[in-house]
Every structure is written in C-alpha cells, then in structure tokens.
Amino acid sequence: AVVSTQSTGMKYWSCCNKKTTDFNDFLKQKGCTNGTHLWGDPSLKKEVVCRYDWHQTGESVNFTVYAKKVKPALCTVTCNAVKLQLEIHFGDDQVFTFDKVLAGIVKPENSKVTYSATKVEVSMKKAEFIAWPSTFVL
C-alpha cells in the first residue's frame with residue numbers, strides 16, 4: 001500500500017520518495033508512475049498532434065508516431081482487422097490519439113508494437129498481399 005510518510009520533518013509518498021519539508025509543497029507534488037496514486041487530475045493531459053508516417057511492404061504496413069520521452073506503461077494500442085487506435089503518452093503529460101479505419105485488412109494477431117524513447121512503431125501484417133492506396137486510411 002502506498003502511504004504518505006512524515007518523519008524527521010520530511011513529507012513524502014512511500015512509492016516515489018519525493019521529499020519536502022513544506023506541507024503545501026507536498027500537496028502540490030506531481031504524481032509518480034511507480035505507485036498506485038496519482039497527484040493532480042488525469043483529465044488535464046495535454047492533447048497534442050504528433051508527426052506520424054507510414055510505409056508498406058508486400059506483407060506488412062508500418063505506422064510510426066514520433067514523440068519524445070514516450071511512456072510505454074501508459075500507452076494503449078488497439079488494432080483489429082480494419083481499425084487502428086492509439087493513445088500515446090509522452091513528455092510532460094502530453095497525449096496523442098489516433099483512431100482510423102485502415103485502407104485494407106490486417107492480421108492483428110501477427111502484428112507488433114515497438115516502443116523507444118522517441119517513437120512508437122506499429123507493424124501490422126497484411127491479410128492480403130496487395131498494395132494499399134497512398135491514403136492509408138479511409
């Protein structure tokens with residue numbers, strides 16, 4: 001269990017150990033990703049537009065979102081045969097969302113997601129060995 005601790009004049013949460021002597025500063029601290037608590041309102045995330053790109057081969061379509069300081073533990077990627085949905089969390093409470101119908105059919109069970117500090121790559125296996133139109137999405 002995550003608890004607040006006040007010892008020797010220091011105030012901090014047991015999971016992230018951000019220490020302060022001032023109680024008001026303690027209450028203003030941002031939440032951490034280590035514990036089960038969140039400081040602040042999660043709905044205050046900043047919706048932003050990220051640069052993204054895609055390319056295809058005969059057997060796959062690769063979709064890349066470029067964002068610095070990606071937080072994989074907070075991201076969600078959902079793909080079914082005809083739709084791709086992303087919620088990419090990165091930086092200081094920034095989030096990029098993408099929700100589109102694909103221009104072709106994919107095999108989600110053969111697809112994969114790769115996270116790095118600067119981008120998120122979704123590699124989707126095509127159900128048919130055909131070229132998709134240059135629009136990627138309908």
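F98 counts as buried (under 20% relative accessible area, with over 50% called exposed and the range in between partly exposed, for a 1.4 Å probe and protein chains only), its relative accessibility being 6%. The structure is a predicted model, in which local features need pLDDT of at least 70 and side-chain atom pairs count only at pLDDT 80 or more, whereas totals for chains, interfaces and linings use all residues. Residues are numbered from 1 along each chain as its sequence is written, and side-chain values use heavy atoms, with hydrogens and water left out.

The structure holds four aromatic pairs, a pair being rings of Phe, Tyr or Trp (its six-membered ring) with centres within 6.5 Å, stacked if the planes are under 30 degrees apart, edge-to-face if over 60 and tilted for the rest. Y52 and F63 form a tilted pair, with 5.3 Å from centre to centre and 45° between the planes; this pair links Y52 in strand β4 (residues 51-56) to F63 in strand β5 (residues 60-66), eleven residues apart. Y52 is partly exposed at a relative accessible area of 42%, while F63 is buried at 1%. Y52 also forms an edge-to-face pair with F98, at 5.3 Å centre to centre and 70° between the planes, and this pair joins strand β4 to strand β8 (residues 94-101) across 46 residues. Ring pairs link Y52, F63, F96 and F98 into a cluster.

Key: Helices (H or I, at least four residues) and strands (E, at least two) are DSSP runs, numbered from the N terminus.
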